[in-house]
Amino acid sequence: MDVNDLKGLFLEVKKRMDGHIDHVRRELGGVRTGRASVNILDTVHVEAYGSAMPLNQVASLSVPEPALIIATPFDPSLMGAVEKGIRSANLGLNPTNDGKVIRIPIPALTEERRKELSKLVHKYAEEGRNGIRQVRRDANDRLKKLLKDSKISQDDERRGLEEVQKITDQHITLIDDIQKKKDSELLGK
């Protein structure tokens with residue numbers, strides 16, 4: 001294995017770690033902060049046409065006010081199913097149906113609920129950090145195997161381990177920043 005293969009390893013490590021960052025961003029996007037965002041409805045599925053479909057595939061979603069989301073089903077016959085899907089998603093939302101659109105008021109968060117959501121944010125961030133550490137572990141194992149198979153020198157292995165650690169530290173810092181930003185939105189700090 002030549003240096004290009006090490007570069008390939010580093011590119012794969014970055015790609016996999018970036019995937020964990022994107023996953024954390026998506027998970028945290030679904031955590032409510034008191035402001036209306038269509039992302040909080042990403043987990044909602046609606047029973048439509050004989051199968052469970054994501055809400056955004058059966059209705060258009062908009063945020064006309066900071067504390068209100070409006071869902072407009074593409075097919076008016078799905079109005080009840082959309083309403084039921086939102087209620088059963090356990091998001092603490094109570095949609096109302098006026099025949100044309102479904103209004104979903106976003107209630108103000110209580111201090112207790114903010115703290116619960118903050119714990120959830122910390123849990124998602126820690127899962128992301130663990131995923132990044134797993135990628136680091138895999139890369140380090142591959143470097144050690146390459147050394148054992150005499151495909152790279154000890155110096156290359158040492159430089160490779162340092163580079164993987166540097167990439168890991170950058171990605172962990174990114175997750176920490178994402179977590180701090182979400183926490184400050186939630187707790188107002």
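Author: Helices (H or I, at least four residues) and strands (E, at least two) are DSSP runs, numbered from the N terminus. This is a predicted model: local features need pLDDT of at least 70, side-chain atom pairs count only at pLDDT 80 or more, and totals for chains, interfaces and linings use all residues. Residues are numbered from 1 along each chain as its sequence is written, and side-chain values use heavy atoms, with hydrogens and water left out.

Reader: Where does S150 lie?

Author: In the loop between α3 (111–148) and α4 (154–187). S150 has a positive phi of about 60 degrees, although it is not a glycine.

Reader: Why is S150 called exposed?

Author: Exposed means over 50% relative accessible area, buried under 20%, partly exposed in between (1.4 Å probe, protein chains only). S150 has 65% relative accessibility, so S150 counts as exposed.

Reader: What makes Y49 exposed?

Author: Its relative accessibility is 60%, so Y49 counts as exposed. Y49 sits in the loop between β1 (45–48) and β2 (51–54). Its phi is positive, about 55 degrees, and Y49 is not a glycine.

Reader: What makes a set of residues a nonpolar core?

Author: The members are buried Ala, Val, Leu, Ile, Met, Phe, Trp, Tyr and Cys residues, joined through side-chain atoms within 4.5 Å. The largest such core has 26 residues, and V13, L28 and V31 touch the most other members. α1 (3–29), α3 and α4 each give two or more residues to this core. α3 gives the most, with nine residues.

Reader: Which residues is V31 in contact with, leaving aside neighbours within four places in sequence?

Author: I40, L117, L120, V121, Y124, K182 and L186. Contact means heavy atoms within 4.5 Å. A second, separate core of 21 residues includes L55, V58, A59 and I69.
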